[in-house]
Amino acid sequence: MPRTENKSTPKVIGDTLYHESGGLTVGSPEWWAWLNHQENKIFYVELSVGSFTARKERRRSGDHNRTYWYAYRNHGQKLYKCYLGVSERLTLTRLTEVARQITEKIEKPL
């Protein structure tokens, strides 16, 4: 069954994030600013090695509240989740690595 997608959710295709205001290159200063903007909490990643939805989540660590990104993908009746990291670590290499990890989990279940 094809994925139903929300047309307003920003999407990374290749090395570009497409959003309501246009597009920007993953890894550019605009990318880092977009990730760190408080209102930006979700985007979809579609790469040749796999796809997932990235969500920003607030976690408490000691005396600090920090935000971290997680990758989610539904397949059948199962939800797969993988840690992406803090905004500063979300490079195209990291997005590709996690897309590959999730795809491998789906293709080779335990």
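Visitor: How much space lies in the second largest pocket?

Guide: About 160 Å³. Keep in mind that this model is predicted.

Visitor: What makes a residue part of the lining of that pocket?

Guide: A lining residue has an atom within 4 Å of a pocket point. Asn36, Gln38, Lys41, Lys56, Glu57, Arg58 and Thr67 line the second largest pocket. Strand β5 gives the most to this lining, with 3 residues.

Visitor: How do you know which classes the lining holds?

Guide: Asp, Glu, Lys and Arg count as charged. The lining has 4 charged residues and 3 polar ones.

Visitor: Why is alanine 54 called buried?

Guide: Buried means under 20% relative accessible area. Alanine 54 has 0%, so it is buried. This residue lies in strand β5.

Visitor: What does alanine 54 touch?

Guide: Contact means heavy atoms within 4.5 Å. Leaving out residues up to four places away in sequence, alanine 54 touches Lys41, Ile42, Phe43, Trp69, Tyr70 and Leu84. Tyrosine 83 is 29 residues apart from alanine 54 along the chain, yet their C-alpha atoms are separated by 9.5 Å.

Visitor: Is leucine 47 buried or exposed, and how do you know?

Guide: Its relative accessibility is 14%. The cut-off for buried is under 20%. Therefore leucine 47 counts as buried. Leucine 47 sits in strand β4.

Visitor: Which residues does leucine 47 touch?

Guide: Gly14, Leu92, Leu95, Thr96 and Ala99, not counting residues up to four places away in sequence. Look also at aspartate 15, 32 residues apart from leucine 47 along the chain. Their C-alpha atoms are separated by 8.8 Å.

Visitor: Why is serine 21 called exposed?

Guide: Exposed means over 50%. Serine 21 has 71% relative accessibility, so it counts as exposed. Find serine 21 in the loop between β2 (16-19) and β3 (22-25). Its C-alpha atom and that of proline 10 are separated by 9.8 Å.

Visitor: Now the helices. How do you know that the reach of α2 is close to the expected span?

Guide: Helix α2 covers residues 92-107, which is 16 residues. The expected span is 1.5 Å times one less than the number of residues. That gives 22 Å, and α2 reaches 22 Å from its first C-alpha to its last.

Visitor: Which residues of α2 are buried?

Guide: Arg94, Leu95, Val98, Ala99, Ile102, Thr103 and Ile106. They cover an arc of only 165 degrees around the axis, so they are on the same side of α2. An α-helix has 3.6 residues a turn, so residues three or four places apart point the same way.

Visitor: What is exposed on the other side of α2?

Guide: Thr93 and Glu107 are exposed there.

Visitor: What do the buried residues of α2 pack against?

Guide: Several elements, including α1 (29-36), β4 (42-47) and β5 (50-61). Strands β1 (11-13), β6 (64-75) and β7 (78-85) are also among them.

Visitor: Which residues of α1 are buried, and how do you know on which side they lie?

Guide: Trp31, Trp34 and Leu35 are the buried residues of α1. They cover an arc of only 100 degrees around the axis, which puts them on the same side of α1.

Definitions and conventions:
Residues numbered from 1 in each chain as written. Predicted model: local features only at pLDDT ≥ 70, side-chain atom pairs only at ≥ 80, totals over all residues. Heavy atoms only, no water. Helix = DSSP H or I, 4+ residues; strand = E, 2+ residues; numbered from the N terminus. Buried < 20%, exposed > 50% of the residue type's maximum accessible area, 1.4 Å probe, protein only. Arc of directions from axis to C-beta. 1 Å grid on protein atoms, 1.4 Å probe; cavity = no way out; pocket = protein on both sides within 12 Å on 5 of 7 lines; lining within 4 Å. Points joined across faces, edges and corners; volume = space filled by probe spheres on them.
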